[in-house]
Amino acid sequence: VQDLLPFLQISTMTTWHEVGRWFWNLAVDRLKADEELKKKVRDLTENAETPTDKLRAIHDWVIKNIRYLGIEFGRNGYQPHRVETTFKALYGDCKDTAALLVAMLKEAGIDARMVLLRTVPAGRVEPDCLPAPNLFNHAIACVPDCEGREYWLDGTTDYHRLGEVPYADEGARVLVIEENGGRFGRQKGAHGHKAD
């Protein structure tokens, strides 16, 4: 049984694009790989024959080696840690693992984006809802095109192969973060379907 209660929503942002730009500005300086991380990417991908092989090597390394630990106080409720911090500590929350995936993939020459997501059990976010960052409760990564296929990557899971995402991510509302803003849509599944 689900209780339905009225609630008041307030936001200083007027569009999803603006929410995306706000998050991008929080995250952009956190996505720079240092020399140690660059070397790790080279080591992981040196035997890769295709871009998908590179993607798989990086994805598998992150989900097997970065332990999920959510400590989200103050600004860290929204802002990821620097990727070299997550890499060296071998733990991070969902924003940290998404940022690390994006940074490593970009270093390997693969276009990747951070994604804010509202998990399915948390309820729907309607397209006409007042845009606000606090409507999202999870962060993942997206590769818009790797050899003709789109991939959604959840760095907090240990049990999903490349091309699979947890049930709570399937069909969820997302905000794909881009350099100049965000694109609101839906995660349509793990098997290469585009967000609307």
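Biologist: Which side chain makes a polar contact with the side chain of Lys95?

Modeller: That's Asp93, at 2.7 Å. A polar contact here is a pair of N or O atoms within 3.5 Å; within protein, one must be able to donate a hydrogen and the other to accept it, and residues adjacent in sequence count only if both atoms are side-chain atoms. Before we go on: this is a predicted model, where local features need pLDDT of at least 70 and side-chain atom pairs count only at pLDDT 80 or more, while totals for chains, interfaces and linings use all residues. Residues are numbered from 1 along each chain as its sequence is written, and side-chain values use heavy atoms, with hydrogens and water left out.

Biologist: Is Lys95 buried or exposed?

Modeller: Buried means under 20% relative accessible area, exposed over 50%, and partly exposed in between (1.4 Å probe, protein chains only). Lys95 has 5% relative accessibility, so it counts as buried. Lys95 is in helix α5, where 12 of the 14 residues are buried. Among them are Cys94, Asp96, Leu100 and Met104.

Biologist: How do I read the length of helix α5?

Modeller: First, the naming: helices (H or I, at least four residues) and strands (E, at least two) are DSSP runs, numbered from the N terminus. The expected span of a helix is 1.5 Å times one less than its number of residues. The 14 residues of α5 (94-107) should therefore span 20 Å, and the end C-alpha atoms are 20 Å apart, which agrees. Just after α5, Gly109 has a positive phi of about 85 degrees.

Biologist: Which residues other than glycine have a positive phi?

Modeller: Leu90 is one of them, at about 65 degrees. Leu90 sits in the loop between α4 (83-89) and β2 (91-92), and counts as partly exposed at 38% relative accessibility. Glu147 has a positive phi too, near 55 degrees; look for Glu147 in the loop between β4 (138-146) and β5 (149-153).

Biologist: Now the aromatics. What describes a pair of rings?

Modeller: The distance of the centres and the angle of the planes. Rings of Phe, Tyr and Trp (its six-membered ring) pair if their centres lie within 6.5 Å; planes under 30 degrees apart count as stacked, over 60 as edge-to-face and the rest as tilted. That rule gives four aromatic pairs. In one of them, the ring centres of Trp16 and Phe136 are 5.7 Å apart and the planes are at 70 degrees, so the pair is edge-to-face. Trp16 lies in helix α1 (residues 16-27) and Phe136 in the loop between β3 (113-118) and β4, so this pair ties together parts that are 120 residues apart in sequence. Trp16 is buried, with a relative accessible area of 9%, and Phe136 is buried at 9% as well.

Biologist: What kind of pair do Trp16 and Phe184 form?

Modeller: A stacked one: 4.4 Å centre to centre, with 10 degrees between the planes. Phe184 is in strand β7 (residues 181-186) and Trp16 in helix α1, so here the parts tied together are 168 residues apart in sequence. Phe184 is buried, with a relative accessible area of 15%. Trp16, Phe136 and Phe184 form one aromatic cluster.

Biologist: And on the surface, which residues form a nonpolar patch?

Modeller: Leu69, Ile71 and Tyr91, with about 240 Å² of accessible area together. Accessible areas come from the Shrake-Rupley method with a 1.4 Å probe; for residues, only the protein chains shown count as cover. Leu69, in the loop between β1 (67-68) and α4, is partly exposed at 32%.

Methods:
Patches are made of residues with over 30% relative accessible area and no salt bridge: like charges are joined within 9 Å, nonpolar side chains (Val, Leu, Ile, Met, Phe, Trp, Tyr) within 5 Å. A salt bridge is a side-chain nitrogen of Lys or Arg within 4 Å of a carboxyl oxygen of Asp or Glu.
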